[in-house]
Amino acid sequence: MSDKTNVSRRRFIQGMGVAGLGAAFPGIWLGKPARASELRVGFIYVGSRDDYGYNQSHAAGARALRDLPGVTVLEEENVPETIAVQRTMESMINLDDVNLVFPTSFGYYDPHVLRVAGRNSNILFRHCGGLYEEGSHPENAGSYFGYIDECQYLNGIVAGHMTRSKRLGFIAARAIPQVLRNINAFTMGARSVDPDIRVQVIYTGDWHLPVREAEATNGLADQGVDVITCHVDSPMVIAETCEARGVYVCGYHADQSRLAPNRYLIGAEWKWETPYKRIVEDVMAGETPSRFLRGGLAEGFVQPSAYGSMVGDGARRQADEVKEKMMQGDFVIFEGPLNDNQGNTVIAEGESHEQRDTWLEQMDWLVEGVRD
Amino acid sequence: MQAGTLFLHARRAGSAAVPPVLALLAACVLFSLFLLVQGISPSAVFGNIYDGAFGSWFSWQNSMQRAAPIMLTALCVAITAKLGLIVIGAEGALVLGGLGAALAGLALQGWLPPLGAQVGLLLAGAVVGGLWIALAGALRHYRGVNETISTLLLTYIAIAVLNHLVEGPLRDPASLNNPSTFPLDWNVMIGEIPGTTIHWGFGFAVVACIVCWVLVNRTTFGFAARMIGGNPQAAKLSGIPVGRVLLLACGLGGAAAGLAGAVEVAAVHGAANSSLAVGYGFTGILVAFIARQNALAIIAVAILLGGLEASSGVVQRRMDLPDATLVVFQGIAFLCVLASEAIQGRLRMPQLLRPREAV
Amino acid sequence: MEEQTDVLQEQLTGVAEALGWWGVPLAILAGAIRASTPFLFVALGECLTERSGRINLGLEGGLVMGALAGFAFSHITGNPWAGVLMAALVGSLMGLIHGVLCSLPRVNDIAVGIAIMLFGVGLAFYLGKPFIQESAPRLPAVPLGFWSSSGAVQSALSVNALFVIGVILAPLMVLFFRSTRWGLVVRMVGDNEEAARAAGYSPMRVRILATMVGSAMAGIGGAFLSLYYPGGWSEGLSSGQGLMAVALVIFARWHPVYCMLAALLFGAAGAIGPALQSVGVSWGYYLFNAAPYVLTLVIMIIACSRFRTLRGAPGELSVAR
């Protein structure tokens, strides 16, 4: 079964969906009296919006929209990636006249957002992290995401300077492209300081498992790992356990320095208000927001946490230097020659993949130096 | 004769429905107090609950759709409970049933006509789910392993197996951020009931409930099952093949849960992935016990619960309250309904006063 | 030359700090101590409740409410032990609801337990919103690993006081059931309601009390989660420890010391997955993470037999029939 047949199959479903349902239910969505010049935005979170992590970072972005004139924000949390999210989107549209939907969990996109978008062609959908396919996905769908791997690269540089054992740890929820990309960027940042550095990955198997995350942190610390970072929904427990075990931690999603005052080196933080404001402003101006909205440090979609006081000058200097280049757009993380940890060449000499290259969003390899 | 018995049934069902209705009213009062203490308007909350759950045809469909998988997992609990078993592992049967259905669908599509592949994958889901719970039944019967623990353990094991296979050997490399098996063909997917936006899973679930009711109340199998539930020793002495009935009941219950998984795959996801394990199995336990293991009552209770879940979103969006608000209400409501069983059968007074010729 | 000494230095620190494969048994031991405490308290509590002839599946609700109450009170008063006390109190209130409702005629204890679980978890999530961002003083640990220079050993052997209390409690509970009057009353009520009534004890009152105490212990188990390990209040704090611990009681055949062993086994097995991954064994991490469940099931299959089903089961218990 090749990728090609899958795509065409999917295209067919979309076509059928749009044609069939549009014909079956005319006017239900079009017939609503639009509330005059008001944009009603619906946010959907997969977990609790106060999770000190991923969902909270989106809720912070949603809060920033509340101050804009003419914008009403409606939020719904703990929506699982099943028929429930399809129904939630349609309920927002039907009962609350929402005209712009932000489903924020990775797993919402295919098939849920695609299906509901196909049925509601006059409503805009912008999904976090999905990969929009021109032509095969409904025109009113689209996605946005931040290049947080840039911040993970900076995390890696600082970690590379601070480690004494040359062994770093990465606690990851699942082996999906966006997680692998972070692991790779972190590793490459660290190995730019010292190519002997190794990164040990532990997969917990799900996005929020506090006890297992604590066990993983302890397991890494027992193995002599002295800097740990992560990609799980809420790094709260990991930061606190690192503080207790006396190993350094690089944060993720939000600033956790308060949880590990003596051990928090730096962190990778989202600034979702930037893409949210940009999308909303486009809609208010009557334009179609980009279906492939991406940005990194330069665009203000992500930002590093402030350095912890224990971070030395050498680390700050190198990290600042790279950050400056990233801001200028002169820095490419995924540049050849690059081998994966099986010894295969993944990016040949002279080749490079800039951030906007969607090849990176389909990553299924781990870079040399990662043990998983 | 039929009209008379029907009337009797209706009357009995009617009087059986009085305590739960009173209980729901009591729950509303308690929940209102809970809200008033915090200065939240109960009328606004209840208005939104009604709006989101049953206020329009759209909302009804929303509630019924959410009820479909819960009905089937509740059946798994209810059928086995007739024998006195407490099975809390419908989630595991659902998850593996979904996986089995996805694999069967992939194998069958292409060389069977779509309808054949659909039937095949639904059957596969039911068979896998049935075998999974029957395994717990066999452990119970042949080794004396308590089925409550074994089904709970088997659930965690089933979820681990699903995740392992879906992220490893069975993963479709094109499934990027939600690792899944290869997708089913569009024409194998199960569509919607004509005139509605509800997928056929709801229809299957209702039919399964009715079949199950008949099976338990109108067949020798059901009689044997109830007899084992009443007194296993007596059942054995009177020549009932306890082991066979037990395995069959577990298999049927597991099949219902496995069917729920198959429907999730064939009507919603189009592939098997970790979104199968979202707790339908656990919600089913609650529904089955509230419905007092009555397969027909399960339909009503599941729709009510689906409605509460559907309305949670409306309450969150319009009143900026957390998702947990409706969970608190569900908790209070179910505690009240369960407590109301104490007055079940004691509300005959008004009927006794009336002339009894109808009875 | 300088480079060489650097490399040597590095290797030396590597040897001193990294335990390699020895880390796996150490992590399992540490896991048994760290992760088993909630299981231990919930299982001992449930053991008491079930010995009185009632099953309370709602201990998960008591546990989560206890976790919140413990955290909130530790935060407000600045004293984690005040938090533990509050957790026990809140837990016992959840037990009171269960105990009273189940004393009504025809009310099914399992169903009420599931409803209590829903209610407790929902209420805790609702009331807990303001505390997610807060921090609270933690329960202290006893550094039993002070003799070792290895950070890993020190950490593995820093034992929380609640764990010690739980371990002492288990044999005390055996004594309680065997040789105290109250213990005999609980057992009598659990084994034969009529006999207890004939002897002048109210089964209802005994069961309500047993459920309250059992649920209070679940609350303490929750306080351990929020005040020690993994620590902090969040909505995903419990991953079903309360429900699993109830199952462990049946596994342990209603014997407090076996409950303790089961909890230790379960905590230890939970550490296998992360420990193996930290030394580089990554294949099948989902399967290794399911080790506690597989292990429990296998032990049950071996230990049970068709002809001596559920020895030690209280006669009045619904699941034991």
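Predicted model: local features only at pLDDT ≥ 70, side-chain atom pairs only at ≥ 80, totals over all residues.
**View 1. A stacked pair, A:Y203 with C:Y285.** Over all chains, the structure holds 33 aromatic pairs (rings of Phe, Tyr and Trp, the last by its six-membered ring, with centres within 6.5 Å; planes under 30 degrees apart are stacked, over 60 edge-to-face, the rest tilted). Here the centres are 4.9 Å apart, with 20° between the planes. A:Y203 belongs to strand β8 (residues 198–203) of chain A and C:Y285 to helix α14 (residues 285–289) of chain C, so the pair joins two chains (helices, H or I, are DSSP runs of at least four residues and strands, E, of at least two, numbered from the N terminus). A:Y203 is buried at 3% relative accessible area, and C:Y285 is buried at 11% (buried is under 20%, exposed over 50%, partly exposed in between; 1.4 Å probe, protein chains only).

**View 2. An edge-to-face pair, A:Y252 with A:W270.** Centre to centre, the rings are 6.4 Å apart, with 70° between the planes. A:Y252 is buried at 0% relative accessible area, and A:W270 is buried at 8%.

**View 3. A charge over a ring, A:R263 on A:Y248.** The charged end of A:R263 sits 5.0 Å from the ring centre of A:Y248 (the criterion is NZ of Lys or CZ of Arg within 6 Å of the ring centre and within 35 degrees of the ring normal).

Methods
Residues numbered from 1 in each chain as written. Chains lettered and ligands numbered in written order. Heavy atoms only, no water.
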